[in-house]
Amino acid sequence: MTAHAIGELLAFLVLLTLLAVPLGALFARALGPAAMPSTPERWLYRVAGVDPAEEMKWTRYAGAVLLFNLFGGLLVYAIQRLQSSLPLNPGGLGGVEPGIAWNTAVSFATNTNWQAYGGETTMSHFTQMAALTVQNFVSAATGLAVLMALIRGLTRTTAFDEGSAPAGTPGPRIGNFWVDLTRSTLLLLPLATLWALVLVAEGTPQTLEARTTAALVEGGGQQSLAVGPVASQVAIKQLGTNGGGFFNVNSAHPLENPTPMSNTLEVLAIVLLGAALCFTFGHLVKDRRQGWALYAAMLAIFVPVTLVGLWSELKGVPALEALGVDPSQGHLEGKEARFGVVSSVIWSTVTTAASNGSVNAMHDSFTPLAGMMPLWLMQLGEIIFGGVGSGLYGILLYVMVAVFISGLLVGRTPEYLGKKIEAREMKLASLGILLPAASVLLGTALASATQAGTSPLGNPGAHGFSEMLYAFTSGSNNNGSAFGGLTASGTFYTVAIGTVMLIGRYWVIVPVLALAGSLAGKRRVPSSAGTLPTHTPLFVALLVGTIVLVGALTFIPALALGPIVEHLQMTGVTP
Amino acid sequence: MKSFRPGLVLLLFFTVLCGLVYPLLITGLGQFLAPEKASARTIGAVGQLFTHPGYFHGRPSGTTPPYNAEASSGVNHGPTNPAFLDAVRQRVATVRAQNPGQDGAVPADLVTASGSGLDPHLSVAGAKYQVARVAKARGRSAAEVNRLVDANTEGRWLGIFGEPRVNVVRLNVALGPP
């Protein structure tokens, strides 16, 4: 481990915290109960037939989420299929074939951005802008909206009381999805604009042309470069934790991510909202310590995991040293010289802790343990910072479990922020945690057992197993990054990954909204001497322990077959 | 269904706002404020293939053909893949044969493929390794070529982010035709 590695990691965390704290406060003001719709916002609601004062039951809220996502997915599908007859197709690309188009529509609506296609060779500018960029905004906004609903469930005290309410009284309400969606999208826009402009200044292209040419230095002649409206899409793909790159190699591309400065801004953007929302949460529950406690728990997992990755990757591959390669720069296969090992490993853990999935280096070429860290972070459910909104509602599910376990230990009814956590809440939280995990393991098992699953692998042996495990992990948890050696464009993977993306997104959102509804219907109980405080180091340790235990027990057997075996092969045997 | 109208109207509205107004606004501003960069016309924005001994050579590229900026691609070899180890063995032999004066370990960036296949940079060690060869092929002094390498070296951002690096395309432009 070098001093530079520690220094860069530390500098990154300091910058992140300095930006996230004020942004969290701003989000609390803009999305919290005090926010009033502006005049243009009212016009929009009038045209859309939305009554901003209307409050929804969780079932109606969930229905609106699903319907809006369905419409979005259908539009993305239609635009891809028809792109050859739509405007802004300077490269003259044909319509996208149905399987890939379906997979991509699901992928972008679910905030996954798994890419079964090569960006610059498949999607027209119109598709990149009007289909993919739009979903980058609204799928992130959907996550934020669901989080706001859950926070309302936790904070509402004007209780609907099931016992004493007269017949016909409407059930507990958790807010208005259309208002949450609109406000969240409008918050993302100025941030994306700022980031996009800085990226252009650093050298990320933003043009409506499809190609530009550069003179070749050796031998004369021309080099043709694929370009397009790159900066606008890259900015929101990072801020919205989407991750779908304009180019095939994503942010490893020297045009998508030209300098260490652009790299730092992009990697900050990936976790910025996930980190800021911890503080937003603290503001909205009127106890900022609760937000800091969640942030501390996230860092307590993020930092050690990153250090393991850095250690493994800086140590390099023993077989290369034996071939006469200088090990002092670490393992550089699949990495860009301007980022080197340190910026690449930090990115890899950030992008999988968050539900982003953009890459600035090829994860498939990482040393086994450095590749296992991103894999495991995704398997935890992307709750360490996590996706916009989805990270925080994900870790709140684990908070319920941690509170419940500690309640059992001391023999008291568990409660969180004054709301009792009972059997129904526990069932919903467990559903949200277990369904994505089950689809990872069952999907990988299915792929391992079939010819269709194993023939598209890009590497032999244990590493090939890691490629399958990574694909299903990334899809089920809506990450979207890949061990790129796997050819993902065949029928098996387009259908299978598309299916697990749907499960991983909506089979978490629906239980979370049901949980919000259930919590909103509960009275707030005043805290007593027997209440477990949830802002203390003790609780942070309990929460981290719960997350690590669940994550470890579920996935260690699978990890042992892939990266762990490969690590032993790599360090024990020299060719 | 009560949600149909809000769903359709808001989707349409955000498609126009986020899918057309936003990217076109950035395009307009970008082309106005930094036209060279917004159109990717700066020298050395992406890497190029160099084979002449009088030029510095960039990193191995995974695109077909190498340094194809129309279709970026990594190689995606895992570290235990026999094909990967064979490729490195071959590259080490090639690099050593091309730089006969150098008998130390080969800088890793010269024999490992970049992530994009379009990497315009080398590490400082990767560039310095080739100085003697380039100087000899051009009949210039090693000190002179070394000075050019130093002049084309960029440091870390804020002294801490990323790696020190040499843009191979710009360095070769500065050297001139061999």
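What span should the 12 residues of helix H13 (residues 368-379) of chain A have at 1.5 Å a residue, and how far apart are its end C-alpha atoms?

Modeller: The model is a predicted one, and every value below is computed from it. At 1.5 Å a residue, the 12 residues of H13(A) should span 16 Å. The end C-alpha atoms of the helix are 16 Å apart, so expectation and model agree.

H13(A) is mostly covered, with 12 of its 12 residues buried. After the helix comes Gly381(A), which has a positive phi, near 100°.

Glu256(A) sits in the loop that runs between helix H8 (230-239) and helix H9 (260-284). Its relative accessibility is 0%, which is why Glu256(A) counts as buried, the cut-off being under 20%. Two polar partners can be named for its side chain. One is the side chain of Lys237(A), with which the side chain of Glu256(A) makes a polar contact at 2.4 Å. The other is the backbone nitrogen of Phe247(A), which the Glu256(A) side chain reaches at 3.1 Å. Beyond its neighbours within four places in sequence, Glu256(A) is in contact with several residues, among them Thr204(A), Val230(A), Val234(A), Gly245(A), Phe246(A), Asn250(A), Ser251(A) and Glu266(A).

The cysteines can be treated briefly. Cys278(A) has a relative accessible area of 0% and is therefore buried. Cys18(B) is likewise buried, because its relative accessibility is 0%. The count of disulfides over all chains is 0.

The two chains also meet in an interface. There, 93 residues of chain B are in contact with 110 residues of chain A. Between them the chains bury about 8,100 Å², of which 66% is on carbon and sulfur atoms. Polar contacts link 42 residue pairs between chain B and chain A, both residues being at pLDDT 80 or more. The interface also holds 4 salt bridges. One salt bridge joins Arg91(B) to Glu333(A), with the closest N and O atoms 4.0 Å apart. On the side of chain B that touches chain A, the elements giving two or more residues are helix H1 (4-33), H2, H3, strand E1 (106-107), helix H4 (108-111), strand E2 (121-122) and helix H8 (168-175) of chain B. H1(B) supplies the largest share of that side, 24 residues.

Ala71(B) lies between helix H2 (35-38) and helix H3 (82-98) of chain B. At 28% relative accessibility, Ala71(B) counts as partly exposed. Leaving aside its neighbours within four places in sequence, Ala71(B) is in contact with Glu120(A) and Thr121(A) of chain A, and with Thr63(B) of chain B. Ala71(B) and Leu118(B) are 47 residues apart in sequence, and their C-alpha atoms are 9.6 Å apart in space.

Definitions and conventions. Residues numbered from 1 in each chain as written. Chains lettered and ligands numbered in written order. Predicted model: local features only at pLDDT ≥ 70, side-chain atom pairs only at ≥ 80, totals over all residues. Heavy atoms only, no water. Helix = DSSP H or I, 4+ residues; strand = E, 2+ residues; numbered from the N terminus. Buried < 20%, exposed > 50% of the residue type's maximum accessible area, 1.4 Å probe, protein only. Polar contact = N/O pair within 3.5 Å; in protein donor to acceptor, adjacent residues only side chain to side chain. Contact = heavy atoms within 4.5 Å. Disulfide = S-S within 2.5 Å. Expected span 1.5 Å × (residues − 1). Buried area = accessible area lost by both parts, 1.4 Å probe. Salt bridge = Lys/Arg side-chain N within 4 Å of Asp/Glu carboxyl O.
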